[in-house]
Structure formats: structure tokens, C-alpha cells
Amino acid sequence: MDLKSTLSKGDNVLHKTSSPKKCYRLWVCFVYAIAQVFTGFLSSPLAPIADAASKAYNINISTVNLATSLFSFACLITGIPANILIIKLGLRKSKILANLIFVAGSILKLFVNKNIYFVLAGQLLAGLGTPFV
């Protein structure tokens, strides 16, 4: 098909928009990428400042470093059950569930000024949602 016959049919070749399905796929990829970025942020919140955090909360440095270990441990434990849930729920619902778990874990970590154990609980919760992503 040449350009002359295409323009004679009334199609505007220069201003063709992408299909809604293509835009939806781009948004899904964008949301997935953002979830991956936040997974990286959530994995080790106190590792760079472990010395200062242990002095500020008057606790052992191993307790502060436990936050990173809890994230990895929770991810390890829920790996197989998460895959089973992904198969049963579907990919979309499992991504929504993972993001809700991440948000709940992040909200728990906002109470770090009250007690360091909120960070540990938030890390555990965020680690539970990691295999879904």
C-alpha cells in the first residue's frame, strides 16, 4: 500500500495514536519498575547508619543489622507460597497485594522514633511481599 492510497482513504498517517492496549502495557511496566525500585530501598534501611542507630537507640549493633536479615529471611520463607498464590490469584492481583504489603511495612517503619522494633516489624512485612514482585 502506498502513501497516496492511504491518504485517499482518510487515514491520518502522521497523527496516528497508539492503541489503548499498548499504553496499558507501558503503565504496567512502569508500575512494575517502581515496585522493583522500592524493593531495593526497603531491603537495607539501617545498614549504612548501623553505628549511629545503635548508639541512638542504646541497642546492640547486631539488632540494628537484624533489619536487613529479616527482610531477606521473610523473602526466603514466602518464596514458594507466593508463587502458588500468583498462580491462584493471577499476576495483577498478586502485584496489588505485594504493593499493599509494601505500603503496610513502610507505614510501620514510619514509627521508628517510637521504637526500633517498628522498623524490624516493617522489614519483616515488606520482606513478605517481595516474592510477589
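Colleague: What makes up the secondary structure here, and how many helices and strands are there?
Modeller: This is a predicted model. The protein has seven helices and zero strands. Along the sequence the pattern reads α-α-α-α-α-α-α.

Colleague: How much of the protein is called buried?
Modeller: Of the 133 residues, 27% are buried. The cut-off for that label is under 20% relative accessible area.

Colleague: Why is Phe30 called partly exposed?
Modeller: Its relative accessibility is 47%. Buried means under 20%, and exposed means over 50%. The value for Phe30 falls in between, so the label is partly exposed. Phe30 sits in helix α2, residues 20-43.

Colleague: What makes Phe30 part of a surface patch?
Modeller: A patch residue needs over 30% relative accessible area and no salt bridge, and nonpolar side chains are joined within 5 Å. Phe30, at 47%, passes the area cut-off. The nonpolar patch consists of Trp27, Phe30, Val31, Ile34 and Phe38. Together they have about 520 Å² of accessible area.

Colleague: Which residues of the largest pocket are closest to its centre?
Modeller: The largest pocket has a volume of about 370 Å³. It is lined by 13 residues, and Val28, Val31, Leu91, Arg92 and Lys95 are the closest to its centre. Val31 also belongs to the nonpolar surface patch.

Colleague: Which helices supply at least two residues each to that lining?
Modeller: Helices α2 and α6 do, with α6 covering 91-109.

Colleague: How do the lining residues of the largest pocket divide into nonpolar, polar and charged?
Modeller: Ten are nonpolar, one is polar and two are charged. Lys and Arg count as charged. Therefore Arg92 and Lys95, both in the lining, fall in the charged class.

Colleague: Is Lys95 buried, exposed or partly exposed, and why?
Modeller: Lys95 is partly exposed, because its relative accessible area is 22% and buried requires under 20%. Lys95 lies in helix α6.

Colleague: How far is Lys95 from Pro131, in sequence and in space?
Modeller: They are 36 residues apart in sequence. In space, C-alpha to C-alpha, the distance is 9.9 Å.

Colleague: What makes the phi of Asn58 worth a look?
Modeller: Asn58 is not a glycine, yet its phi is positive, about 55°. Most residues other than glycine have a negative phi.

Colleague: Where is Asn58, and why is Asn58 called exposed?
Modeller: Asn58 lies in the loop between α3 (50-57) and α4 (61-77). Its relative accessible area is 70%.

How values were computed:
Residues are numbered from 1 along each chain as its sequence is written. This is a predicted model: local features need pLDDT of at least 70, side-chain atom pairs count only at pLDDT 80 or more; totals for chains, interfaces and linings use all residues. Side-chain values use heavy atoms; hydrogens and water are left out. Patches are made of residues with over 30% relative accessible area and no salt bridge: like charges are joined within 9 Å, nonpolar side chains (Val, Leu, Ile, Met, Phe, Trp, Tyr) within 5 Å. Accessible areas come from the Shrake-Rupley method with a 1.4 Å probe; for residues, only the protein chains shown count as cover. A salt bridge is a side-chain nitrogen of Lys or Arg within 4 Å of a carboxyl oxygen of Asp or Glu. Helices (H or I, at least four residues) and strands (E, at least two) are DSSP runs, numbered from the N terminus. Buried means under 20% relative accessible area, exposed over 50%, partly exposed in between (1.4 Å probe, protein chains only). On a 1 Å grid over the protein atoms alone, a cavity is a set of points where a 1.4 Å probe fits but cannot get out, and a pocket is an open set with protein on both sides within 12 Å along at least five of seven lines; lining residues have an atom within 4 Å of a point. Grid points are joined across faces, edges and corners, and a volume is the space filled by probe spheres set on the points.
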